[in-house]
Amino acid sequence: MSVKTKLSFMISFIVFLLLIVNVILNEYSTRVNIKAEVESNMTHISEQIAASVAQHTREYELLQSVFDEKLKMASAETAKRLQDSANPVTSEQLGQLASQLGVTQLSLIVPIDGEYIIKQSSDSQLSGLNMKSLGKPEQLLKQGLTNHSSEALQRLGYYFWSGPIEINTASTTMAYPGKWGFYMLNDQESIIGSYIQNNQTEGYGEINSPTSVLSQTMTNNLIILEISGFNPLLFGKEPVGEIPKMTSAQQMAEHPVSFGSYHYRQPQMDERNILAASRGQNVFRYTTVQGKDVIKSFVKVAAPVPYVIGLVLDGQPLTNKIDEQRNNQIFISAILLIIVVFCSYWLSDILIRPIRSILWKINEVSYGRFDNSIEVKRKDELGQLAQRVNAMSKNLGIYMTKLKLAFEENRSMKEYLESFINHTTDAIHVVDLSGRITQVNRAFEQLFGYTADEATGHTLPLVPEHLHMEELQMMEGLKSGKHLTARETIRVNKSGEWIAVSVTTSPIRDKHGTIHAIASITRDMTGRNKMEELLRRSEKLTTVGQLAAGVAHEIRNPLTTLRGFLQLQLETNKLNTRHVDIMLSELDRINLIVGEFLILAKPQATRFEEKDVRFILGDVISLLDSQAHLCDIEFIANFNMDSCLISCEENQLKQVFINLLKNAIEAMPDGGEIQVSIDSKGSSEVSVSIIDEGIGIPEEMISKLGDPFFTGKDSGTGLGIMVSQRIIESHHGMMEIKSKVDVGTTVTITLPLIQKPREETSEDQPNHVQ
Ligand code: ADP
Ligand code: MG
């Protein structure tokens, strides 16, 4: 589900809940309002009915009193007539009297054996009838007879009583409501019964009786099902019986239900409600009677006697009204909900749009496209987000470009290095700390004869056995962080041959700086050594050539001496032993010079021997002495050590000293002193210094000294210093040149001393150059 749908759904759902709450509240308030309205209406109607009933009762009472008066007067007049005339009255007379006095009927009633017989009546139908046959009038008659007070009878001379206005069904002439009255004379012999039923009473029952008022009310309010007048004192205690059609205060006091009807009966509940209402609290009850929803109300009325008016209202219209209201509400809510659904969808779309463009942008970024940016129009949080995303994408783009460049550089560097490693003539191999080879290059395969597959993962016997200790020490030194310079040594190839090599070893560290492998670059020195030997020899030849003049000069002097002495002996023919001694000494000198010269010129097998530097240097000084004399130069030797034994190849070392002394001589065209000194340097080294007073070497030239063929002289070879350096290096020594123009040059050579004199020194030393 998309965010848009979710948002829209959420809004709609909230509105839906609100609408439901609204419908429920509305329904509740509608119910409460309608009930209140209905209840107030019911109370109102009840009060109206009460007013009508009260009015009716008053009219009724008035009519009763008027009727009573008429009946009393008519009866009194009849009694007077009866007393006046001696003859008994006839029914005609009574009829005349009745019409004169305005009553309907007059009868003379006499008690015979406890029964009351109508002796004479204006209504011929009644004459001779037993009162019993009339029903109610007889009861009324008997009531009066028992109730009358004799004292009042005597005082007034008569006693009159009457009944209510009622319909007497016993006689056809009394079909309308009428009123009975009875008049008893003092003698109590006879009773005059009178009955009035005139125009006034005609239709009274229909028009003025509460029944008609009630039926009118009910026609006006169709939902009123029933109206009843309850007597709270009697209801529930006496049977409901017949409900009177007309209502007087008396009837109200006498009947449990004094007017109206009582069909919707719920006796027990009604009794309780009537009792409650009679105490002044209006009661409304919502109930079902005879399968019908009704509302019953009980309202207390004070006049003419305290009674309760009960109304029964049809509950259906009320329910219908509530239902209708609810349905309307639901309908309106449904329409609102539909509108909200559409609006929220539309709104969500507006809200989501920037998020969608941000999403699009992020997708672009995820596909590696950083160029297109989001168009930002808004300044709210989403606008800011879009701006940030744009900035982020831009930065990412920049970083990506940089990364690509770096990657490309890396790749080409890697390729370059790989090609360099593979195409370099130096053999490169990497071993792990256990000595196993992990990587080799092509030159390694060519130099050692192992293929990469044969080499990788194996420990190869590359180091000759006698160098194992030394190699091990070097490795330990390397692992402990010591820096190793390139060293010349021997390696063994696959077929067991020795190769002179120069090895540079360096550690390979991981990112924590821990050494985890060792890389070695091995350069085949066989060719270079041969070349160097060649150079050395050519340099030597040059030196020999140059020395030849000096040698000739040196030899010529003793030869001249010899010649002189020999000539002297020939002339004197006498052998002077002193002269012979001189001649022998001169011959020895010639022998030494020539011997030295031969040693120098003759290529010799390299052989390291234990020699004293003082003697080597002394020999060289002797050799060059004569040449120095020619140039007006004097050697001053300062040999400050008693013994300085070193392991050396004498001839090579001599060549070094000749080269250096010759350079010194050549630097001093005007003659001077050359100091040659031997000093100890610590207990393990000896240093040889050659200090001249020559022209010196300019600063910029010093760094170039040692380069082959670098010379500052017209006839120079530029090989002397180079060859000397190589020789000193192969003797594990060091050569240092310090110089100042027009002051002089100092060349210092440091060589390791032999600590303990050993017998088999020559066997110990490996042949470095082959
Ligand atoms: P070469 O003597 O044949 O020129 P070298 O290698 O012996 O070759 O010397 C190189 C150069 O160094 C010389 O040409 C010279 O210029 C300079 N040089 C060497 N030794 C000295 C020295 N003692 N005093 C001044 N210059 C020197
Ligand atoms: Mg030289």
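Helices here are DSSP runs of H or I of at least four residues, numbered from the N terminus. A word on the source: this is a predicted model, with local features needing pLDDT of at least 70 and side-chain atom pairs counted only at pLDDT 80 or more, while totals for chains, interfaces and linings use all residues. Residues are numbered from 1 along each chain as its sequence is written, chains are lettered from A and ligands numbered from 1 in the order in which they are written, and side-chain values use heavy atoms, without hydrogens and water.

Now, which residues of α19 are buried? In this helix, residues 720-730, they are Gly 720, Ile 721, Met 722, Val 723, Ser 724, Ile 727 and Ile 728; buried means under 20% relative accessible area, with a 1.4 Å probe and protein chains only.

On to the partner. Helix α17, residues 650-666, packs with α19 at about 145°, the axes being 9 Å apart. Those axes are lines fitted to C-alpha atoms over the stretch in contact, and the angle runs from 0 to 180 degrees between N-to-C directions. For contact, read heavy atoms within 4.5 Å. From α17, Gln 652, Leu 653, Gln 655, Val 656, Asn 659 and Asn 663 meet Gly 720, Ile 721, Val 723, Ser 724, Ile 727, Ile 728 and Ser 730 of α19.

Lastly, a cysteine: Cys 648 is buried because its relative accessibility is 0%. Its sulfur lies 11 Å from the closest cysteine sulfur, in Cys 644, so the two are too far apart for a bond. Thanks, everyone!

Definitions and conventions
A disulfide is a pair of cysteine sulfur atoms within 2.5 Å. Buried means under 20% relative accessible area, exposed over 50%, partly exposed in between (1.4 Å probe, protein chains only). Helices (H or I, at least four residues) and strands (E, at least two) are DSSP runs, numbered from the N terminus.
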